[in-house]
Amino acid sequence: MENAAIERPASGSRAKFIIGGLLIIAAVVYLVISSTQASAQYFMTIAELQAKGASIGNRELRLSGAVLGDTIQYDSENLRLTFTIADIPADNAEIEAQGGLAAVLHAAVQDPTRPTLVIVYDGVMPDLLKNEAQAIVTGKMGEDGKFYAKELLLKCPTKYEEAVPDQAGK
Amino acid sequence: MLANFGFGALIITFLVALYGIGAAIYGGVKNSARWVESARLAMLLTFPLITLTAVSIIIMLVTRQYQVQYVYNVTSDTMPLYLKITALWGGQAGSLIFWSWLMAAFATAVTLRKWDRDREFLPWVIVVSLITLAFFVGMSIFVENPFERFWLSASGREMVAMFQPAGATPLIPSDGRGLNPLLRHPGMVIHPPMLYLGFVSFVIPFAFAIAALITGRTDDRWIRITRRWSLVAWIFLSLGLVLGSRWAYDVLGWGGYWGWDPVEIAAFLPWLSGTAFLHSVMIQEKRGMFKRWNMVLVIVTYALVIFGTFLTRSGVLSSVHAFAQSAIGPLFFGFIGVTFIASLALLLHRWKDLTSAGQLNSMLSREALFLLNNLLFMLILLVCLWGLIFPIVSELFTGQKVTFGPPWYERITGPLFAALLLLMGVAPLSAWGHSTVKTLGRAMWKPTIVSVAVLAVALATGVRSVGALIGFWLVGFVIAITLYDYGRAIWARHKRSHEPLPVAFWNLVGRNRRRYGGYIIHLGIVLMALGIIGIEMFQTETQGTLKTGESLSLSGYTVTFRSLAEWNNPDGRNIARAVVDVSKDGRYLGQLAPRRDFYFDAQQSMTIPGVRSTMEDDLYLLLVDWEEFNSNQATLKLFHNPLINWLWVGSVVLILGMLVAAWPDQEPDAAVQRAAQKASGRVTAD
């Protein structure tokens, strides 16, 4: 404190610093807003997507669903992967209320009345893609009613969740 | 039996920690050295106690005690010994124990230091460390118990419980389910410990900061004492992040190393605030400024450390890292909330004592540039945090969940990282107190010319992307300035004392290890930046289905498919392995063997790339698909990743710099003594 009293009270330079800082912050805020408009992904469930129908337009979407194992097809000539996912709730609390992710995925695959969606993905067949896995896809709806995924993320909760063993020895 | 023993040791650890907290508070308030000493011994005791717990888990893991649920979940007969041991941190319950174990080790190390000069900090350092430890140990005891066992009730129902329920018999599975195959990788074996070491060692500076606030000794002593802890924490955190990237690169088979996954970001956040902290404490030491800000930074870093531990071990966000849904969420948030608010309240209480001793005068002075550095780091932190919580926020306010992918993060943080690189070049040449464009220009013009030459070379080799050109120029700029700064100082020393150049170099670094070690760390960061620019801006890929003898070409490389084999390995894997010839510009380089391992126990496959790695580029090859019983055809995907190796080389340079900067001085307390003298000198000068 004593040093400050000796030095010139530099209120002018203080203003300079504040203005400089504000300019930088403004630039970052601008970047955030413009990037949000350019590349935000709307997270919705398959049921919500189908309720909205055509109004969804060309937006980038992020969907999550339960993989139906029988529908997985891989065209290794063109590296095109197609599979169907069934609707699951997006809300974590809701998933918990229904007995956890594994139970929700299992129920979704068993229930033929659930809304489903065909996913098309060009690329490497992921290791985790199998029946009752949770697929999280990012991409856009195609004209043909299929979903063209740019990014595919998979989660298999059954394996890491606490469960009781099915086989027991002595 | 062992489970009961380990659990018992855990409960005793918890009680000892609670006792230590009580004794330290009592001793601190009543100023009773006896009580504080008793608390110190309690803290000393936590490490051997929890070691008993950790070792019992390891023994259970190694001796296949599958009646314990945790052992059943993370090991299986076919896993090699080292993976069985490291399965300690392969699941949630075990990693919490592992966290507590490291925390206890650090707490014990702190109690063993010399406390003569700063004894008044001791009780409060104990309180903060032990509260953190007790929280984690308590979580293991009450929520995520790694010792819970399987039981078969009288009615034949299977259940999980710590102690034998009435009428139940033990249920012993014949084999475990095995560690998630994705985690069976050397990178995964050391990545969590590194990250956790980083997390845990940031608790120590925080503990000293809080002790300084409570005792009112708010000079920069707490910073000087914990300087090394912060540096070590930062290095471990950095290495943890790099090893995680390396793991992703080697195992996840997407050709990349960083995906802006929520969990990656969660580990990155404390790194950002920690880096800002490492820099801004120097301003407080040199100029007596930023005292409040440093407190804020260390408090934020601590909160982010706990937050990061929580995120990496819970299922709140969709992520490849999320192991399981768990009940620990509310507890974690409660703990973070309470400690954060309490720390801020303490800070406000001491707000008036923490006034700045200096003032910013010149926009280009060293301290102003450090301020800018801090602003940039905090902006990146806020952007990442915003991206992390935006899905939750948007859902709350609009009912529409919106998430961000990697492009969002790259677009915003790219310019900020570039600005930081520029600062890294300029700041070391700026002067404390006052710098002008003229003085800076005089110091910088030579290395700047060298960096322009780098730009010219990049242009000449055909680089046309503006972003990449800026990136390469910045890399050249920082390297040139850092080496120039080194060279100038060595030359001056050589002239002055007539020491031979190598001796001058050695003595220079030895006399000012923190500064020159710091510059080596800067060099490491710049090399890493080079690797990141390479893969982010110049990665190319191609794919195709090849018959024997057919080829694919990418960036001068030609890959020719030779053969494919598929067999069952005795260690519980089915392996499909393709062999290809690699040549570059017509010259034969050797063979690569990308493969796909299928783990029977976990029913999961894993794509292991074949990589040819040089300093110039990596050829990264994935076996994507093949037909059964047909060894004459395979589908391959190729990535060409220029310069990626510099990312890993840079991280080795980081370690080197850290060793230089953190190596114990011959006179370890000299700095503290100087500070004490300075402080008393200032008082008399008033």
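Me: What percentage of the contacts in chain A with a separation of 6 or more is accounted for by residues 24 or more positions apart?
Reply: The model is a predicted one, so every value here describes a prediction. Chain A contains six helices and seven strands, and along the sequence these follow the pattern α-α-β-α-β-β-β-α-α-β-β-β-α. Among the contacts in chain A with a separation of 6 or more, the share that comes from residues 24 or more positions apart is 57%.

Me: What percentage of the residues in chain A is buried?
Reply: A residue counts as buried when 20 or more other C-beta atoms lie within 10 Å of its own. Chain A has 170 residues, and the buried ones make up 30%.

Me: Is A:E132 buried or exposed?
Reply: A:E132 sits in the loop between strand 5 (116-122) and strand 6 (134-141) of chain A, and its phi is positive, near 65°, although the residue is not glycine. Most residues other than glycine have a negative phi. Because A:E132 has 20 C-beta neighbours inside 10 Å, it counts as buried.

Me: Which residues is B:L130 in contact with, leaving aside its neighbours within four places in sequence?
Reply: Once its neighbours within four places in sequence are left aside, the contacts of B:L130 are B:A17, B:G20, B:I21, B:M43 and B:A107.

Me: How are helix 10 and helix 11 of chain B oriented to each other?
Reply: The axes of helix 10 (residues 262-287) and helix 11 (residues 291-312) of chain B come within 8 Å and cross at roughly 160°, and the crossing is left-handed. By class, their contact has 17 nonpolar, eight polar and one charged residues. Since angles over 145 degrees count as roughly antiparallel, helix 10 and helix 11 of chain B are therefore roughly antiparallel.

Me: What is the handedness of the crossing of helix 15 and helix 16 of chain B?
Reply: Helix 15 (residues 437-460) and helix 16 of chain B pack at an angle of about 145°, with their axes 8 Å apart. Residues of helix 15 including B:V454, B:L455 and B:A458 meet residues of helix 16 including B:F472, B:W473 and B:F477. By class, this contact has 13 nonpolar, three polar and one charged residues. The crossing of helix 15 and helix 16 of chain B is right-handed.

Me: Is B:F472 buried or exposed?
Reply: B:F472 has its place in helix 16 (residues 466-497) of chain B. Leaving aside neighbours within four places in sequence, B:F472 is in contact with B:V454, B:L455, B:A458, B:V463 and B:I533. Because 25 other C-beta atoms lie within 10 Å, B:F472 is buried.

Definitions and conventions: Residues numbered from 1 in each chain as written. Chains lettered and ligands numbered in written order. Predicted model: local features only at pLDDT ≥ 70, side-chain atom pairs only at ≥ 80, totals over all residues. Contact = placed C-beta atoms within 7 Å. Axes fitted to C-alpha atoms, helices over the stretch in contact; angles between N-to-C directions. Helix = DSSP H or I, 4+ residues; strand = E, 2+ residues; numbered from the N terminus. Parallel < 35°, antiparallel > 145°, perpendicular 65-115°, else oblique. Left-handed = near helix turned anticlockwise from the far one by under 90°. Nonpolar A, V, L, I, M, F, W, Y, C, P; charged D, E, K, R; others polar. Buried ≥ 20, exposed ≤ 12 C-beta atoms within 10 Å, placed from the backbone.
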